[in-house]
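Trainee: I've got this model open and would like to talk through how it packs. Can you take my questions one at a time?

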Amino acid sequence: MKTILPWLCVVVFAIGFGAQYSANRKQAAELAQLRDDNEKLRAAPEPTKKQPSESENDELTQLRKDHEDLLRLRNEVRQLRDQNQQLTKQTQAAQAASANPQHPQSPQQVAQLMAENQQLRAQTLFIQQTNQLNACINNLRQIEAAKQQWAAANGRPTGSLVSPQDIAPYLAAKAVPTCPGGGVYTLNPIGLNPICNIPGHVLPK
């Protein structure tokens, strides 16, 4: 028994050493594999960024133009509001002066005030009509762009009929806009520009 015990210890030690050696080699192999994979990832070229398509570029350009038109329209509306306030003040001043016997107005002054008021009304009407025209043309431009996108997405040729439900998903408000001047839009088939029944409210060729 005393003779076998040392040999038994040697065998157990050898087995443990072998298991430890095998585990170390396995860990070293896994570490080497990880390093190799890491080097491959570093060496791999970076994925190229997807370039925007021509239709996306056109859409971005149109959105920028629509934004500029909106800013311009807001500025014109602000000017119109200021002129309306000025017209109101002048009208009130003229009425107050004519009703005050202590400050009688000469016929020339009254005529001048009436002429200025008429001029301001004409300017206000012109600005209002111009704003409505610009907004209507912008709506027609958006409708035509939506028609083209719908036709391209669905493979529809020139002459295909299109409905408001067809192009609604391609519009900003998800619905066909309305003419600010009270006009009625006709979509027309693919290949023909949409139109408004108010004279002058047309897309430029």
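Trainee: Which residues have the most contacts inside the largest nonpolar core?

Mentor: Keep in mind that this is a predicted model. Its largest nonpolar core has 16 residues, and helix H3, residues 107-154, gives the most to this core, with seven residues. Those with the most contacts inside the core are Cys136, Trp150, Val162, Ile167 and Tyr185.

Trainee: Let's zoom in on tryptophan 150. Leaving aside neighbours within four places in sequence, which residues is tryptophan 150 in contact with?

Mentor: Tryptophan 150 is one of the residues with the most contacts inside that core. With the close sequence neighbours set aside, its contacts are Arg156, Leu161, Val162, Asp166, Ile167, Tyr170 and Ile190.

Trainee: How many Å does H3 reach from its first C-alpha to its last?

Mentor: H3 has 48 residues, and at 1.5 Å a residue you'd expect 70 Å. Just after the helix, glycine 155 takes a positive phi of about 65 degrees. As for the reach of H3, it is close to that expectation, at 70 Å.

Trainee: Now the cysteines. How many disulfides does the structure hold?

Mentor: Take cysteine 179, which counts as buried because its relative accessibility is 7%. Cysteine 196 is in no disulfide either, with the nearest cysteine sulfur, that of cysteine 179, 3.9 Å away. For the whole structure, the number of disulfides is zero.

Trainee: Is cysteine 196 buried or exposed?

Mentor: The cut-off for buried is under 20% relative accessible area. Cysteine 196 has 7% relative accessibility, so it counts as buried.

How values were computed: Residues are numbered from 1 along each chain as its sequence is written. This is a predicted model: local features need pLDDT of at least 70, side-chain atom pairs count only at pLDDT 80 or more; totals for chains, interfaces and linings use all residues. Side-chain values use heavy atoms; hydrogens and water are left out. A nonpolar core is a set of buried Ala, Val, Leu, Ile, Met, Phe, Trp, Tyr and Cys residues joined through side-chain atoms within 4.5 Å. Buried means under 20% relative accessible area, exposed over 50%, partly exposed in between (1.4 Å probe, protein chains only). Helices (H or I, at least four residues) and strands (E, at least two) are DSSP runs, numbered from the N terminus. Contact means heavy atoms within 4.5 Å. The expected span of a helix is 1.5 Å times one less than its number of residues. A disulfide is a pair of cysteine sulfur atoms within 2.5 Å.
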